[in-house]
Amino acid sequence: MVKTKPVPYASAVKGEEKAGAVSRDGEAGPCSGACAVASTLVAASRARGGERGMAARGGVEEMRSRVVLGEFGVRNVHTTDFPGNYPGYDDAWDQAEFEKNFRVDVIRMDESTLEFDMVGIDAAIANAFRRILLAEVPTMAVEKVFVYNNTSIVQDEILAHRLGLVPIRADPRLFEYKNQGDEEGTEIDTLQFQLKIKCSRNPCAVKESSDPNELYINHRVYSKHITWVPLGNQADLFPDADLRPVHDDILIAQLRPGQEIDVLMHCVKGIGKDHAKFSPVATASYRLLPDITLLQPIEGEAAETLKKCFSPGVIEIQNIKGKKVARVANARMDTFSREIFRHDDLKNFVRLARVRDHYISLLRTLHFLHIFPEVWSLKSDTVLQPRPHSYLLSWAIPANTPQNISPVHKL
C-alpha cells in the first residue's frame, strides 16, 4: 500500500500556475488553454452582472421618476422614494436639497387664468397648494342682503343667493375679518353696495314690435347696475378704488313694467372653507407632465398614423433625406388618450409616461388680480405659513440664484 502525502491547497494552486506557465522555448504548458477559457467565462459573467446591475439601476430610476402608462394598466403610481427604500439612494428630507430642486415656472398668465409648473415636489404638496387655493385664500363677497322692495318674480331668498355669488372686485387685504357678534358693518370690515332699478315701458317703441329690448327699459337686471355706497370715510380711504362686480354682464333678474328691485348689500371678507362664494378660483387642477419617447425611428405612413394618435402639436413630421420621420415636438400638449395602443404595429415603439415630480397647475379665477400677490409671497424659505383664517404659499428663491424665478414672477 502506497502512502501519499497530502498537498496543501496553496501549493496545489502554485503547482497549477507552474504547470500552465510558458516554457523557456516559448511553448505553453498543458493547462494554459483551460485557464484561458475559464478566465474568459469569468470575465463574461462579470460583464453580464454589470449589465444586469445597470439595467436594475435604470429600472429603479424609472420607478422613482416616471409613472408609466401601459396598454392594460399604469405602473409606478405610488410614491416610493422614502428613506431606506432603495439601496444607494439617500431620500432623507433635506431642506437645502429641497430648495435647490424646487422651482415654480409661470407658463401663462392673464386676468382670469394662471398656468404654472411646480417641479421637485410630491403629489401631497401639489394637492396642498390646490386645497389652499380653494379654501384658504380670502376674498370679498356679499354676506347680507337688505330687501327694501322686490316685486320681481324672483323670490327674496333666491335673489339674495344670486347676489352672493356675484364676484366683487375688491382687494381683501385692505379689510379686516368681521367679528361674528357685530351686527352693523364698519368701514374697516364691510363694503356696501346698492341695487335699485325699475322697469318701465319705452315710449318710443314701435307698436307692432314684440322685442322686449325695444318695448321695455331696464327689463334686464345686470351686475353693472350694482353700485358702491361708501361707509364712513371709505370715500377718503379709497379715492381711486374701482369697487364693483368683476363682470358687468351677469344677469341677475328680468323685470316687466312696474316691477322693481331695491336692495342694499353688505360684503365681508371670508374664505372658501366657510362658504363657496368666497372661493377665489373657479377651477384649480394639476396634472403630471407627459413624457413621450419613441423607442425607434418611425417613418413613412406609420409616422402619419402616429401623429393622428396624439393631440395636435404633440407629434410633428420632419422631412429627412426625402423620408417622413416622426418626432416628439411638444409632449406637454398631450392628454394621454392612449389611442396608440389600438395600433398593433406602433404600440411597441412608443413609451408613454409622466414625470413624477413635475406638476402642471391650472387656475381659472374671477379674483385673480387680487389673489396672486396674496397667495404667492416671495420669501427665503419654502414653507406653508399659517396665518389667521388663511395661508400664504411661499417658495424658496435664494438671493444668489436668480435663475429659479423669471421676471414675470416679480410683481
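This is a predicted model: local features need pLDDT of at least 70, side-chain atom pairs count only at pLDDT 80 or more; totals for chains, interfaces and linings use all residues.

Student: What share of the contacts in the chain join residues at least 24 apart?

Tutor: Take the contacts between residues at least 6 apart in sequence; of these, 69% join residues at least 24 apart.

Student: Now the empty spaces. How are they found?

Tutor: Rolling a probe the size of a water molecule over the atoms shows where empty space is left. In this model there are two cavities of 30 Å³ or more.

Student: What is the volume of the largest cavity, and which residues line the largest cavity?

Tutor: Its volume is about 50 Å³. The lining includes Phe116, Met118, Phe129, Arg130, Tyr286 and Leu363. By class, the lining of the largest cavity has eight nonpolar residues, two polar and one charged.

Student: Which strands and helix each supply at least two residues of that lining?

Tutor: Strand S4 (113-119), helix H4 (123-135), strand S15 (281-294) and strand S18 (350-365) do. H4 gives the largest share, four residues.

Student: And the pockets? What is the volume of the second largest pocket?

Tutor: A pocket is open, whereas a probe in a cavity cannot get out. The second largest pocket has a volume of about 410 Å³. Its lining has 15 residues. Nearest its centre lie Glu143, Lys178, Gln180, Val268 and Lys269.

Student: Let us turn to single residues. Is leucine 134 buried, exposed or partly exposed?

Tutor: Look at the relative accessible area. Under 20% is buried, over 50% is exposed, and in between is partly exposed. Leucine 134 has 29% relative accessibility, so it counts as partly exposed. Its place is in helix H4.

Student: Which residues is leucine 134 in contact with, leaving aside its neighbours within four places in sequence?

Tutor: Leucine 134 is in contact with Gly272, Ser279, Pro280, Val281 and Ala284. Take valine 281 as a case. Leucine 134 and valine 281 are 147 residues apart in sequence. In space they are 6.3 Å apart, C-alpha to C-alpha.

Student: Where does lysine 347 lie?

Tutor: Lysine 347 is in the loop between strand S17 (323-328) and S18. Its relative accessible area is 18%, so lysine 347 is buried.

Student: Which side chains are joined to lysine 347 by a polar contact?

Tutor: The polar contact between the side chains of lysine 347 and glutamate 71 is 3.2 Å. The polar contact between the side chains of lysine 347 and aspartate 344 is 3.2 Å. Not counting residues up to four places away in sequence, lysine 347 touches Glu71, Ile340 and Phe341.

Student: What about backbone angles? What is the phi of asparagine 218?

Tutor: Asparagine 218 has a positive phi of about 60°, although it is not a glycine. This residue is in the loop between strand S9 (216-217) and strand S10 (220-222). Its relative accessibility is 34%, so asparagine 218 is partly exposed.

Student: What is the phi of phenylalanine 336, and is phenylalanine 336 buried or exposed?

Tutor: The phi of phenylalanine 336 is positive, about 60°, and this residue is not a glycine. Phenylalanine 336 lies in the loop between S17 and S18. With a relative accessible area of 9%, phenylalanine 336 is buried.

Student: Last topic, cysteines. How many disulfides does the structure hold?

Tutor: Look for a pair of cysteine sulfur atoms within 2.5 Å. The structure holds zero disulfides.

Student: Is cysteine 199 buried or exposed, and is cysteine 204 buried or exposed?

Tutor: Cysteine 199 has a relative accessible area of 2%, so it is buried. Cysteine 204 is at 68% relative accessibility, so it counts as exposed.

Definitions and conventions:
Residues are numbered from 1 along each chain as its sequence is written. Side-chain values use heavy atoms; hydrogens and water are left out. On a 1 Å grid over the protein atoms alone, a cavity is a set of points where a 1.4 Å probe fits but cannot get out, and a pocket is an open set with protein on both sides within 12 Å along at least five of seven lines; lining residues have an atom within 4 Å of a point. Grid points are joined across faces, edges and corners, and a volume is the space filled by probe spheres set on the points. Buried means under 20% relative accessible area, exposed over 50%, partly exposed in between (1.4 Å probe, protein chains only). Ala, Val, Leu, Ile, Met, Phe, Trp, Tyr, Cys and Pro count as nonpolar, Asp, Glu, Lys and Arg as charged, and the others, Gly among them, as polar. Contact means heavy atoms within 4.5 Å. A polar contact is a pair of N or O atoms within 3.5 Å; within protein, one must be able to donate a hydrogen and the other to accept it, and residues adjacent in sequence count only if both atoms are side-chain atoms.
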